[in-house]
Each structure stands twice: as structure tokens, then as C-alpha cells.
Amino acid sequence: MYRLRLASRFAAALLLVAALPSAAQVANVEELTYPPLPSFDPPQPTRVVLDNGLVVMLLEDHELPLIDVFARIRTGSRHEPAGKVGLASLTGTVLRTGGTELRSGDEIDDYLESRAASIETGIDTASGSASMSCLKEDFVDVLGLFAEILRRPVFAQDKLDVAKNQLNAGIARQNDSPQQVLFREFAEIVYGADSPYARNPTYTSVAAVGRPDLIAWHQRYFHPNNVILGVVGDFDSEQVLAEIRAAFGDWPAGPAAPPPPQGDWGEQFAPGVYYARKDDMTQSNIMMGHLGIRRDNPDYLAVELVNEIFSGGFASRLFSNVRTKKGLAYAVSGGIGAEWDYPGDTGIFMTTKTESTGAGIEALLEEARGLSSRPPTQEELDRALAGILNSFVFNSDSRREILSQQLTYEYFGYPLDWLSRYYRGIQQVGLEQVRAAARDYLEPDRFAILVVGPEAGRDRALDEFGTVRAVDISIPELEVEAAAATPEATERGRELVARVVAAHGGGEALDALVALRQSGQAVAHTPQGAMQIKVRELVVFPDRYRQEVTLPFGTMTTVVTPDGGFVDTPQGARDLPESQLADTRKSIRRDLVALLRLRDQPGFEAVATGAGEIDGRAVERLQIKLADDLIGLAVDAATGEVVEMSFRGSGFGGGPGEVVQTFSDVRAVGGLRLPHRTVSTFEGEPYIELTTDAIELDPQVGEEQFDRPVEEAAASGG
């Protein structure tokens, strides 16, 4: 809650200013008087439990002819098997997109669109959710579809494939945002890598999830006695309750959902300094803290006031001291975290210049220690309490928001008047309780300090703050089983590689090659449709690369050298994210000429995997292992030329999948024989078709071909 409160504080301040008497009425600000705050008494929904255990909560709101339905389902990703992380998220997505026994997902889309209605589903860490929104006149029909989705989903395989690709695309981009890296890795430090509150999907865990897993998950958790259904809008309660009974009343009860996973989540926690290197940025992102508390902790209200004093607004200690007075932070926030039914994570966060990393860490530690050495004053407490109470109206400014809160309280077993108790109780908290909470629940000497950012340019060494542990943020590849490297398969693999080398020009010609430039036309089959592009590529072996892709909206140039990489677009140049840089370097090695040039390098292993046929041509297959990459080749049994190459690559969405390249139109170029037509598929679907117009061996290459644009380099300090 403390991380989200600043915006509501600002809105409350504006309302307060608007309500002030005019300046002409008083001589100075001390003479201003304010009326007491009105009592807080939000409306309470009607609660009914059906015979099958379904809890229904009804709250009428006749302002607009709309009806919204919200459901909370007792499930959550914290119940996933460790080897199938991502299962809950996929179930929540495909529950809606995958159709039902009566309608496909696309038919559901059309049905809802024609009625300006919506149905959404999802599963997060601690619960599942489903919602619908429609016009009052369409309520009965849309409610029937809503019940159909919750009760009789089919989880169509094609929609599961789409959802897995989307999830994999997110994994591919998970290191692009430094703050995403920071919060993800901090959770793992605080809760422990094996905790269900710190696990993250991987390519391998997503690949392990199949349609039967989604069906089994639904059968385990989706029963009426595990569902809380809330309805808010323009309706008559008795009539709507009758419709809900008609839609859900014959849904048989099932086994109760399991309780939240139990464990000492702080057991694996180790204070100290943690560092995740991320050189494609010019700032340091810092998070420090330890395990937090639950909201049913008797000191929770005192903790809320501590958080408000510490980080609740512009006058809070963190903001005024670290950001305003010292000028160290672009952003700063933090406090003692609390979740509903498991401990939250206590974290203090900031972004700062790389050159002020050490000063930023010291400033955060100083403020954390200051809550004990310079305990909160009565003035700070009064200001904090006023800030919370003045913004309290924003907690319940609509009946839809009130109902959503009630569903949360019901779901986690809190009193339905919990917010009213909060409002009354926080006004009774005294200064000594606040000071005790600050001492008891914020322990700077036990902090884990995590830094995400570049290694060079810091003002102080991180080990000045404690022993530094490196945090590996590399994205694990999909665990693919390599072909069995028997002596016979290895020997035949070497023979096939030698045959391929000879068929494409011979080892002497390949090894003597210094650079290669090619240009051509391509058709890219993007999710938005086919796109015509022009491509120019330059490779200076072994590790310098330049690609120019001319698109309808301009030219995009990608450059990779041993020192890094950047992409230059009409909007300017920027560094390649580390994941994209790694993928580009892999793609350079996968080029047929580059791959054959590496045949005698350490780590190059070739294993024959059997014979086959492609479009009527007999082929022999082999698998090449190169570092952490597995590349399949299909070799024409008659000519020795490579007919096909396959590997795990990235699609247009960024997610991984199988790329298959089929080569044709092989022509002599100098002393080599190279394909001039390449047709690629991604996960069996059309991907890129490339027709090469020209190939030039050992062209003249200027070093400026690999330089970053001068104006961009100057702007970035490079």
C-alpha cells in the first residue's frame, strides 16, 4: 500500500486547497480552521451463501444502467508445481481465450463485442479472478456466458500455444527493465529461491505445461464452494440473485482449496550486498530490506503510520531528505511491507546516477536507521495521520471499489467492516506505538542490499557495505536434450561436416574469408501481416556485424562488435538490451559460412542423427553443439549441400521457438557455393522469406561502419 499512496495524497491535497477559505479572510495560515472530517461509513453489500457453497455479495448502484460481476477463486500460482511455473497464469488466460463446450474463444469475442460487453479472467500469486461488465439489458445473457466460461472451459490447444508464446516473449524481455530485474531478484533474496512467492517462469517450465495440466488445474480449484461472486450495478437484488441461482445453483460443490503454502520464508534470507550487473544503462537501481509482516499483525496500523512518515508524500523523510535536500534520487520510496495472508517484503527503493551509487546506499541506510535514532515526532505523526485520513475518501469513492474491497476481505478471512475498523483504529495509535513499530519492524543491520546497474563509474566500491554476492540474471535457455554422442554418431558427424565444407567451397576458401557482404529482399510475416523489407548485411569475421533493414517507416541499423552493440532508428540510437545482444551474437554464429568456419574451434561438436527426406530429397541429419547452442543441419545425401538448418530462436514477439530455415538456389560466388534463397518458419508458421540479390566476398570495409552515430554518442556521454 505504501508504494501506491503518493498519487492519492496529491489528489487529497488538491481537494484540501480547493476547500480552503479565501486568503482575504485570514491574516496568516495559522488562523485557518477546518471542519472535522465526516464519519466513514461505506455501504455494506448483501451477503448470501448458496446451497453449493458459492458466496454471493450484492451491492446496488442505480446511477448508470450497467452491471459488473467480479469473482475471486481460491487458487493462485503459489500452488504450482516447481517444475511447471507459469501453469496458473496460462490457466487464467486460456480459461477465457480457449472457449467453452458450446463456443470457441473467437465466437465469444464476437458475441461480447456485439453487446459492448467484456469478460476477463486471470490467476495471480494468491487468487484467481474473473470479471464481466455489460449493459443492464444484456445481463442475463452475458451472465450465462460468464458461468459457461467458469464451469465448462475446454482450453483449446491453439489458444494455449498463443498464450505460451506470449509468456515466453515476456521471459525474453524480463531483463529489459532494470526495475523489473530489481523487484524480481529482491523477492528471491527475501523469500528464498524455492519459495512460491519468488518463483518465476522459465522457458523450460512453460514448455512442461500441457493442455491436460490446465484441465487438471481447473478440476482441482474451480468449484462453487471456492468462489466468491460479487455483483454491483443497476439491478434489483432479489431478481439478480434468482439469475445467479439459475446460472450457478446446479454447479456441484467440490473439494475445498488447499490453504496457503506454509513455510519460514525468511529462513534462506541472508543479509549482505547483492549485485546484478547490467551494463546497458547509466543508473543504479537500489533496493534494501528484509521480510515484512501480515496485515493481521496487531501492530499493522502503527506500521502504516511509520510508512507514511517514512515515505508517504512530499514531506516524508525519504522524499525530503534523499531526493529534495541531497538530490540523490530520481525516484525513492519504501516501507514495511504487508500482505493479506503471508508476509510482505520490506523494501526501500531508489534510482540514482551510477556515480552516486554509494552515496545513495548510505543515504537510504541513514534514513532507515534514523527511524530509531531520530524517532518520529508528534508533529510527524499528526501530519501522517492527517495524510491518511484526508485521502481516505479515495479508498471508497465508488460502489464498484467498495465491492472489490469486500470480496478481498471475504477471500482472505478478514472482517467485512475491516476498512471501517482501519479508519477508526488508526486514529487511536499513539506516538510510542509508532516509535516501537519503527524499531521492531525495520532493522537496517539485517538489510539485504541489492544493486542493479553498470559496473563502471560508481563512487564507492560495493564491498564497503558488506560481502558482495553476484546475482546471475541471465535467462536460462530451454533445456533441450542433445543427441547421443556415441562414437559412431560422432565419427559420422565429423564426416558429414567435412562433406558440407567441401560442397560449399572447401575449407581453404572458407577459412581465408575475411568479410562477407550481402543484400536482398525479404518478406516478413509479422502478427500485423506480411511486410516487404530490404536487407543489407556485413560480417567481418569472427565477431563484427552490421545489418541495415529498410522498413516502410525508415531504416533500422543494428551493429554488434566485441565491445557491445546498438540499434540506430529514425528516433535515434540506443544500446541493445543484453538479451537482444546475446541473441544477435548467436544468429551471427548460425550463419552457414560463419558456422562452417568454426568447425575446428574448441566446443564445436557434430553428431549424426539419422537419415530422412525433405521434399523428395534424401538427406542426412546432424546436430551441432556450439557453446550453449544446438543447431540441426539436414545435408543433401547426393551433393553434400546444406538443405535445412534448425535451432531455437526468437519470434517477432520476442519469445523463443523452433526456427527452421530451408535453403535453395545455390550458386557459385567466387570460390564458394552459397544459397540465394532462404525460407524460414517459426514454430511451423511462415516467418521470413529472403531472396539474396548480391553477395560480395572480402569487400573493402571501413571502421566507421561499426561506429555509433557521433551525435548520439555525444548525447549519451559515449
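How many bridges join strand S3 to strand S5, and in which sense do the two strands run? In this predicted model, 8 bridges join S3 (residues 66-73) to S5 (residues 128-135), and the two strands run antiparallel. Strands are said to pair if DSSP finds at least two bridges between them. Helices (H or I, at least four residues) and strands (E, at least two) are DSSP runs, numbered from the N terminus.

The model is predicted, so local features need pLDDT of at least 70 and side-chain atom pairs count only at pLDDT 80 or more, while totals for chains, interfaces and linings use all residues. Residues are numbered from 1 along each chain as its sequence is written, and side-chain values use heavy atoms, with hydrogens and water left out.

The secondary structure of the chain comprises 21 helices and 27 strands. The C-alpha trace spans about 90 × 65 × 50 Å along its principal axes. Of the 718 residues in the chain, 50% are buried, where buried means under 20% relative accessible area, exposed over 50%, and partly exposed in between (1.4 Å probe, protein chains only). Among contacts with a separation of 6 or more, 71% are accounted for by residues 24 or more positions apart; contact means heavy atoms within 4.5 Å.

The pairing of S3 with S5 belongs to an open sheet of 6 strands, in the order S1-S2-S6-S3-S5-S4 and with mixed pairing. Strand S1 (46-49) and strand S4 (118-123) stand at the edges with a single partner strand each, so one side of each is left without a neighbour in the sheet. From one strand to the next, the twist averages 15 degrees. Axes are lines fitted to C-alpha atoms, for helices over the stretch in contact, and angles run from 0 to 180 degrees between N-to-C directions.

S8 is joined to strand S12 (residues 345-353) by 9 bridges in an antiparallel arrangement, and the bridge partner of Ser284 in S12 is Thr352. With strand S13 (residues 448-453), S8 pairs in the antiparallel sense over 5 bridges; here Met287 has Leu450 as its bridge partner in S13. S13 is also joined to strand S7 (residues 272-277), by 6 bridges and in parallel, with Gly272 partnered by Ala448 of S13.

Strand S25 (residues 656-669) and strand S26 (residues 672-682) pair in the antiparallel sense over 10 bridges, and Arg667 stands opposite Leu674 in S26. S26 pairs in turn with strand S27 (residues 685-697), in the antiparallel sense over 6 bridges; Pro686 in S27 is the bridge partner of Thr681.

Two packed helices are described by the angle between their axes and the distance between the axes. Helix H2 (residues 87-97) and helix H8 (residues 211-221) pack at an angle of about 85 degrees, with their axes 10 Å apart. H2 is therefore roughly perpendicular to H8, on a scale in which angles under 35 degrees count as roughly parallel, over 145 as roughly antiparallel, 65 to 115 as roughly perpendicular and the rest as oblique. The contact involves Leu87, Ala88, Leu90, Thr91, Val94 and Leu95 of H2, together with Asp213, Leu214, Trp217 and His218 of H8. These residues divide into 7 nonpolar, 2 polar and 1 charged, where Ala, Val, Leu, Ile, Met, Phe, Trp, Tyr, Cys and Pro count as nonpolar, Asp, Glu, Lys and Arg as charged, and the others, Gly among them, as polar.
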